[in-house]
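Colleague: I should like to learn how to read a structure of this kind. May we go through its features one by one?

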Amino acid sequence: MSLILNIAVDGIAYGMILFMISIGLSVTMGLMRVINLAHGAFALLGGAAAHALIARAGLSFMAAALLAIMATMAIAFLLERLVYRRIYGLGELQQVLATIGITFIFIALVNRLLGSSLLAIPLPDFLQQSVDLGFRVLPAHRLAVILAGAVVIAGLYLTIERSRFGTRLRAAVDNRSIASALGINIDAVFAATFCLGAGLAALGGILGAELLPIDAYYPLRYMVLFLIVVSVGGMGSITGSFMAALALGILETASRYLIPDFGTIVFFAAVMAVLAIRPRGLLGKA
Amino acid sequence: MSVQEIPLTTIRTRIRGVPLMPEAVMLALAVIAYFLFPYDLALLTRIMVMMLFVLSLDLVLGYAGIATLGHAALYGTGAYAAGLFAVHVSADPVTGLVVGAAAGAALALVSGLLLMRAHGLTLLMLSIAVTLICQEIANKARDLTGGADGLRGIRMEPVLGLFKFDFVGRTGFWYALAVLCVCYAVLKVVTLSPIGLSVRGIKDSAARMVAIGSPVYRRLVTIYTIGGAVAGVAGALAAQVTQLVSLEVYAFNLSAEALIMLILGGAGRLHGAIIGTLIFMVVHHIAASVDPFNWLFIIGALVLGIVFFVPAGMLGIPAALRNLTGRNGDARP
């Protein structure tokens, strides 16, 4: 019983992290059809900036996390204006190459500035303690991650389903040219979405540093994990990404607990089976 | 019937115009390099192994348009198969190459049955996943593969029973060059054969190839299997020449770098793969000996430069210059 609960809590927390990091990737892919392999670099930037601000500048966790997320969004904004803008029109292969190139440059930069060792993000005291729920004692960090994930999902739901910006975004994902003809400024919508996605990735990188440790090679090491969430969930589908992230988080955690020797193999075999049955993902559009 | 014959005849006349000129030049340069750089034979051999690997990627990606980031899976499987064969069964190099080719082709066939149904992002992700599974299996099967320590104890017999492998690497060089030439010839034939033409059609428009009755899925699996065999030979060659197989053969960077080399030279042409590999490996050798970490920065900038400024690769530069200096026929008077 306690094993199942552990798997559930760890798995859901892990899934929330995967969701936060991958959702920007899914939406930008659905919107601009750009294969952005460099998306994990935003999670790395967030984590590395938080590490530097806490360990070197001595800021508190909250202030550092906030500043790191804002810095990542600023970098993402510049990158979108200067580089990504030119990538949208390229072929699939060129997009892959260009974004791999961007990933390599980020890895090299972080490596040069902060070294290649593990970039730990020390948690504040209130996240390190345990929380007694009456029937179980759980680590506060996991609960905070799950809570943050729930807030992110609620916020995204309200933004996308209820706000004017969300209406424009959905219209643009459904049909870019007609949305543009109706007077929606696609460029602005995309720039905003790109920055929002990068900010969420940075948040996921900081909160998830316990589960996915941050170092310079982070974007390459976990690239496949983020891509899996997007392809299993279906490009451009927020609900799909959420379901995929939770399912994959629980599956990976369960296979690590129960069959540690073959966890990775079972995980990938399951992903392949899903994609063999539904090549466009769970909720992907045909 | 006459409609079908048009592309074939144009290709034949083009070959007759310049009979294998680029190939002859490349072979001559390889022989000259042997005499110019007698102390860098190991590097030259490594470059030729990479050329073979990039050639197989060119067949899969440049000709058939299969965007994969998991080509190292086929290379690594060929390397492990040849290494294990040499340790446990027979140390004859040529048989080892055949074993490596068979292993690469088998993995390509099995994984291709799934991969060729996917497109775009899903295909990329699945191809990386296949590589990760292979790496995990090689890592976990420690008794057989040596795990993270690598597979050691590969001692090769003389090539064809005549030429012993020496410390300087002379035999290794000629052996690798011979294998490269044979594989290049095979790939040349494949790309000019009906199946080669048919996958080029699929690359341009899969929907139209379906419409004219071409079995697209089966063609792609076939070409991926042939590419797998060549990648397996490249892996086997690397295992035999370096006498070591480590988990690095499945590294993501290997797949990514091969892709960069191919685009650098110019995808869709066999000599493009050769030129791209040569430039990349030489720059790598110089830059990495200075500072291995700056190398990642250089490679990233290099890739962005290629994508934005010379999308057709180095082979596209002459055409780009001609366009720049020549008269524009479409311009209004």
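Colleague: Which side chain meets that of Arg81(A) in a salt bridge?

Modeller: Side chains of opposite charge can pair when their charged atoms come close. A salt bridge is counted when a side-chain nitrogen of Lys or Arg is within 4 Å of a carboxyl oxygen of Asp or Glu. Here the partner of Arg81(A) is Glu80(A), with 3.8 Å from N to O. A word on the source: this is a predicted model, in which local features need pLDDT of at least 70 and side-chain atom pairs count only at pLDDT 80 or more, while totals for chains, interfaces and linings use all residues. Residues are numbered from 1 along each chain as its sequence is written, chains are lettered from A and ligands numbered from 1 in the order in which they are written, and side-chain values use heavy atoms, with hydrogens and water left out.

Colleague: Is Glu80(A) buried or exposed?

Modeller: The terms rest on relative accessible area: buried means under 20%, exposed over 50%, and partly exposed in between (1.4 Å probe, protein chains only). Glu80(A) has 0% relative accessibility and therefore counts as buried.

Colleague: How much area do chain A and chain B bury between them?

Modeller: The size of an interface is often given as the accessible area lost when the parts come together. Buried area is that loss (1.4 Å probe), summed over both parts. Chain A and chain B bury about 3,700 Å², 83% of it on carbon and sulfur atoms. Of the area that chain A buries against chain B, 18% comes from Leu97(A), Phe104(A) and Met272(A), more than from any other three residues. With contact taken as heavy atoms within 4.5 Å, 42 residues of chain A and 39 residues of chain B take part.

Colleague: How many salt bridges and polar contacts are counted between chain A and chain B?

Modeller: A polar contact is a pair of N or O atoms within 3.5 Å; within protein, one must be able to donate a hydrogen and the other to accept it, and residues adjacent in sequence count only if both atoms are side-chain atoms. Between the two chains there are zero salt bridges and zero residue pairs in polar contact, with both residues at pLDDT 80 or more.

Colleague: Which helix gives the most to the side of chain A that touches chain B?

Modeller: Helices are DSSP runs of H or I with at least four residues, numbered from the N terminus. H3 (61-87), H4 (92-114), H11 (223-233) and H13 (263-277) of chain A each supply at least two residues of that side. H4(A) gives the most, with 16 residues.

Colleague: What span should H4(A) have?

Modeller: The expected span of a helix is 1.5 Å times one less than its number of residues. H4(A) has 23 residues and so should span 33 Å, which agrees with the 33 Å between its end C-alpha atoms. Of those 23 residues, 19 are buried. After H4(A) comes Gly115(A), with a positive phi near 85°.

Colleague: How does H2(A) compare with its own expected span?

Modeller: H2(A), residues 39-56, has 18 residues and reaches 26 Å from its first C-alpha to its last, close to the 26 Å expected. H2(A) is mostly covered, with 13 of its 18 residues buried. Just after H2(A), Gly58(A) has a positive phi of about 75°.

Colleague: Where is Thr45(B), and which residues does Thr45(B) touch?

Modeller: Thr45(B) lies in helix H3 (residues 41-63) of chain B and is buried, at 4% relative accessibility. A polar atom of the Thr45(B) side chain is 2.6 Å from the backbone oxygen of Leu41(B). Leaving out residues up to four places away in sequence, Thr45(B) touches Gly169(B), Gly172(B), Phe173(B), Ala176(B) and Val241(B).

Terms used:
Buried area is the accessible area (1.4 Å probe) that two parts lose on being put together, summed over both.
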